[in-house]
Amino acid sequence: MQKLKEPTKVCKICLKSFKSLTFYSLLHDDYCLCESCQKKLYPRFIAFKHDQTKCLAIYEYDDEMRSLIYQLKGCYDIALSDVFLKQIRRELSLLYKGYIVIPVPSYKTEDLKREFNHVVEIFSHLNNPIVRLIEKTENIKQSSLKKNERTNIGKYLKMSNIELVKNKKVLLVDDIHTTGSTIDACLKMIRQGQPKDIKVLVIAKTKDDKSHISKHA
């Protein structure tokens, strides 16, 4: 019997060549992560709530995840956009079937500079309709605001075509959950449009963020 030849690939994260004959890589020719980098993407599925809205974070926001998101967002490495959801895309697609996706916005000049919106690129791999209804009107970063100012982050956001969410199932998405102030502001705006249901999905959640945690799954 002829021995199956191991295909050589280049890891999207570390850019090193590797050979893989894992069951998953054989089924998915476009999956290009070496074993070491694949271990960095260990889903935690952290469930929490904002008021009565069910939220889910896929990963814990540790040093590895911080570096990976920065590589995509700060180094403009758009090829990384599919690695966050790749292994669990089917499960997420079933969980959020029928939902329209609304991304938490970044300031438009940031998107123009990197020539893409990283949140949109990540969640485009769910293949749900993406509707960019919320806009950030000023380039304000939460890290530059005092704690009491973060609760007013909503004044830097505006929503257009609010009628588009009426009686719709809405999935609000973001990359990192820290204080939750921006998520709260976006939820308040979306609720005014009377959606049928609304949920939140984020890539990663900070470990020390306890203000909205309800449970871990």
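## A walk through the fold

Let's start with contacts: among those joining residues at least 6 apart in the sequence of this chain, 69% link residues at least 24 apart. Keep in mind that you are looking at a predicted model. The chain has 217 residues, and 46% of them are buried.

Five of the strands form an open sheet with mixed pairing, in the order β3-β4-β9-β8-β5. The edge places go to β3 (46–50) and β5 (99–103); each has a single partner strand, so one side of each has no neighbour in the sheet. From one strand to the next, the twist averages 30°. What does "pairing" involve here? Strands of a sheet pair through backbone hydrogen bonds, and they can do this in parallel or antiparallel fashion. For β5 and β8 the sense is parallel, over five bridges. If you'd like to find one of these in the structure, look for Tyr99, whose bridge partner in β8 is Lys169. Helix α8 (residues 181–191) lies across β3, β4, β5, β8 and β9, and it runs at about 170° to β8.

Now turn to helix α3, which spans residues 63–73. Which of its residues are buried? They are Met65, Leu68, Ile69, Gln71 and Leu72. These residues sit on the same side of α3, because they cover an arc of only 155° around the axis. There's a handy rule behind this kind of pattern: an α-helix has 3.6 residues a turn, so residues three or four places apart point the same way. What do the buried residues of α3 pack against? Their partners are β4 (53–60), α6 (118–123), β8 (169–177) and β9 (197–205). On the face turned away from the buried side, you'll find the exposed residues Asp63 and Tyr70. The N-terminal end of α3 is capped by Asp62, which has a side-chain oxygen 3.3 Å from the backbone nitrogen of Glu64.

How many disulfides does the structure hold? For Cys37, the nearest cysteine sulfur belongs to Cys34 and is 3.6 Å away. A pair of cysteine sulfur atoms has to be within 2.5 Å to count as a disulfide, so Cys37 is in none.

| Residue | Relative accessible area | Class |
|---|---|---|
| Cys37 | 2% | buried |
| Cys55 | 4% | buried |

Both values are under 20%, the cut-off for buried, which is why Cys37 and Cys55 get that label.

Note on methods:
Residues are numbered from 1 along each chain as its sequence is written. This is a predicted model: local features need pLDDT of at least 70, side-chain atom pairs count only at pLDDT 80 or more; totals for chains, interfaces and linings use all residues. Side-chain values use heavy atoms; hydrogens and water are left out. Buried means under 20% relative accessible area, exposed over 50%, partly exposed in between (1.4 Å probe, protein chains only). Helices (H or I, at least four residues) and strands (E, at least two) are DSSP runs, numbered from the N terminus. The arc is that of the directions from the helix axis to the C-beta atoms. Contact means heavy atoms within 4.5 Å. A polar contact is a pair of N or O atoms within 3.5 Å; within protein, one must be able to donate a hydrogen and the other to accept it, and residues adjacent in sequence count only if both atoms are side-chain atoms. Two strands pair if DSSP finds at least two bridges between them. Axes are lines fitted to C-alpha atoms, for helices over the stretch in contact, and angles run from 0 to 180 degrees between N-to-C directions.
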